[in-house]
Amino acid sequence: LKGGDTCEYLLSSGRFLGEKVWQPHSCMMHKYKNSEAKNCLIDKHVVFIGDSRIRQLFYSFIKLINPQVKEEGNKHGNIPFEDKSASIKVDFLWYPEVNGSMRQRIKSWTEGSVAKPHIIVAGAATWSIKIHNGSNEALTQYKINITSIAPLLEKLAKSSDVYWVLQDPVYEDMLSESRKMITNEKIDAYNEAAVRILNSSSRNSKAKVKVFSVSKLIAQETIMKSADGLHLPESSRDTNAMILMNVYCNKIMKPIDGSCCQPQPSLTLIQKLAFCFFTLSIIGYLIINIIHRNNFRKSKSCTDLESGEEKKPGISTPNVSTLEMLLHSFCKLGLIMTYFYLCDRANLFMKENKFYTHSSFFIPIVYILVLGVFYTENTKETKVLNREQTDEWKGWMQLVILIYHISGASTFLPVYMHVRVLVAAYLFQTGYGHFSYFWIKGDFGVYRVCQVLFRLNFLVVVLCIVMDRPYQFYYFVPLVTVWFMIIYATLAIWPQIVQKKANGNCLWHFGLLLKLICLLICIYFLSYSQGAFEKIFSFWPLSKCFELNGNVYEWWFRWKLDRYVVFHGMLFAFIYLALQKHQMISEGKGDPLFSNRVSNVLLFISIVSFLTYSIWASSCKNKTECNELHPSVSVVQILAFILIRNIPGYVRSVYSSFFAWFGKISLELFICQYHIWLAADTKGILVLIPGYPMFNVLVSTFIFVCVAHEISQITNDLAQIVVPKDNSTLLKRLLCIAGFFSGLLLFSAMQDQSRH
């Protein structure tokens, strides 16, 4: 189970996912871009010393820094490379045999007068086998030579990163006559000698020569594609170069999706305080629980001393105080957050890269759809978008999004575009639901606002503290929070126009439409004025909430991507409620929404629109161009789905209780997946049970769903305590919450200062 020494695993074990994606054992490998490679290797000197196989690795390595490099130069000579912009020097030194010449070069680096390379990658053997015709004497001499070199390499390993590359197997059938003596049996003998001799004098020392044996595993799978039976195909040596980059750079660059070779992050001040708080909550709850149980036991067995008869007390269960409920909730939350931390911050469980195949996405989709249809029940009411229907909608969308994330389907553009519509549909429901509530109820009180904000943000705030992540990292919650406040502001600002007022005078409907038009103009302006948008959200303390990686660009991108859909949801709610008020639609059980003729026409148009959008999304060739069109056209498929789901009376009168159950905890599912189902902040997959991928997914999914459900219960319980209906009590709680966030900002500023 343990993540363990992921550097050792990266260098020694792994498997292929598909044909080209290498998966190290227990950890995730980051794919370095040129800019990242340069930043990591700035002012560094790297040396590759060895034969033609090491030269191949050298070229693959420098192409990570500069992809334009051509494989030119003297094949049997030294090859220099320099990137002056980042002051990076990478040299290949031609030493095809482990002999006195190689020893002399390595020895020169151990002497004080010569600057030591920061990284040394060495390896050779096949030339010794070839020149000496695979004789046993050559192997004996190889052992003697490597024994003399080993102490020098171990000495260099104290100040530099030193890697010895074991010899890859050959494809004997393809070898030329001059290389026929290079057999896999001989190669294994040379590798065994190197492994046994290297580090023999420093087994208990931290400074060791790192044995690069993973190349053998890669070669076993790919050497058949070799051009000459000896040298690896380009894709394999590129994988080896990427492994080298991960081994050295991950601890420097700390990429989110590169868990290999990354040390466990140290606890921040805020995390330590959170740990103390949850520990005290658990202790406090246990103490109160023990006291209550003892008091209850005493009151239950009161004995009359004179008659000896047992008297039954009037109360049969202990009273649960608000404090006990509060501590009980925090006790459960503390245990759950410990699990979160162990899964995605401690190096306890393994993490693996995602790998997309069509079957890994579409087979689970078919499976859950069959389950959803199987659990079909009648709805309590037959209105358009009734509560059960919206829960069902949220549920199946959330399950599709979860499968999309764990299967890595974002790499397949048609699936990506359809999932973007699902995210837009969530926001559409945000606009529809909140507008409907304020329009019908006319309740603009502080209690309602605080309840919604608490339920939306409680889990994310706790995760920001425990997992040391910025608020914007959980982008969907900031998105729905801001849109809720925009909807509230639009309707609450004078003049407050609600249904009751509008029924008395039709002109109020035009007043509301005017408000919506003003909102649309503001959205349009901000979407095409990135500077104005960034200025608004760059003011402190808003910047603390919406910055990611030092700027608010990610927030602007997320907001812009679905900028119109909430407005569409509000407008749909207004039109639907107006039609409902004027009795222009029929919502009786089994009745079509409109007259048969109109219903059939609308149903036909909806199906055609739905399919047309799917065809367009499936034909997308460029993600950037499709994202530009998405905000304007996503509403087509959303409205088409609503009409298909609601026009036929029978379809509107039933719902899937299976999907509805997941819909009730959809927000918790969306947030929890970041750390206890996926891993490395959604970039990889959590591995609780290594070696059994399907069983691992089943177990981790069961735990994940149970945790999400429990957090939903905790949030509901705490919402009743933290956000009371009494205004004076609520005001006091709000002052306490303001104090809490002020302290959080202060500690966050102290953390930032200590980091810099």
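Cys343 sits at 0% relative accessibility, so it counts as buried, the cut-off being under 20%. This is a predicted model, and Cys343 takes part in no disulfide there. Its nearest cysteine sulfur belongs to Cys672, 11 Å away. Elsewhere the cysteines do pair up: the count comes to four disulfides.

- Cys343 is buried, with 0% relative accessibility.
- Cys522 is partly exposed, with a relative accessible area of 47%.

**Overall pairing**

- Four disulfides turn up in the model.
- If you number the bonded cysteines of the protein chain in sequence order, the pattern reads 1-6, 2-5, 3-4, 7-8.

**Cys7 and Cys261**

- Cys7 is joined to Cys261 by a disulfide, with an S to S distance of 1.9 Å.
- The link of Cys7 and Cys261 is right-handed, with 130 degrees about the S-S bond.
- Cys7 belongs to helix α1 (residues 6-12), while Cys261 lies in the loop between α9 (234-253) and α10 (269-300), so this pair ties together parts that are 254 residues apart in sequence.
- Cys261 is buried, at a relative accessible area of 8%.

**Cys40 and Cys249**

- A disulfide connects Cys40 with Cys249, S to S 2.0 Å.
- These two cysteines link distant parts of the chain: Cys40 is in helix α2 (residues 34-41) and Cys249 in helix α9, 209 residues apart.
- Why is the disulfide of Cys40 and Cys249 left-handed? Because the torsion about its S-S bond is about -90 degrees.
- Cys40 and Cys249 are both buried.

**Cys620 and Cys626**

- The sulfur atoms of Cys620 and Cys626 are 2.0 Å apart and form a disulfide.
- About the S-S bond of Cys620 and Cys626 the angle is -120 degrees, and the link is left-handed.
- Cys620 has a relative accessible area of 9%, so it comes in under the 20% limit and is buried.
- Cys626 is buried as well, with a relative accessible area of 6%.

Key. Residues numbered from 1 in each chain as written. Predicted model: local features only at pLDDT ≥ 70, side-chain atom pairs only at ≥ 80, totals over all residues. Heavy atoms only, no water. Disulfide = S-S within 2.5 Å. Helix = DSSP H or I, 4+ residues; strand = E, 2+ residues; numbered from the N terminus. Buried < 20%, exposed > 50% of the residue type's maximum accessible area, 1.4 Å probe, protein only.
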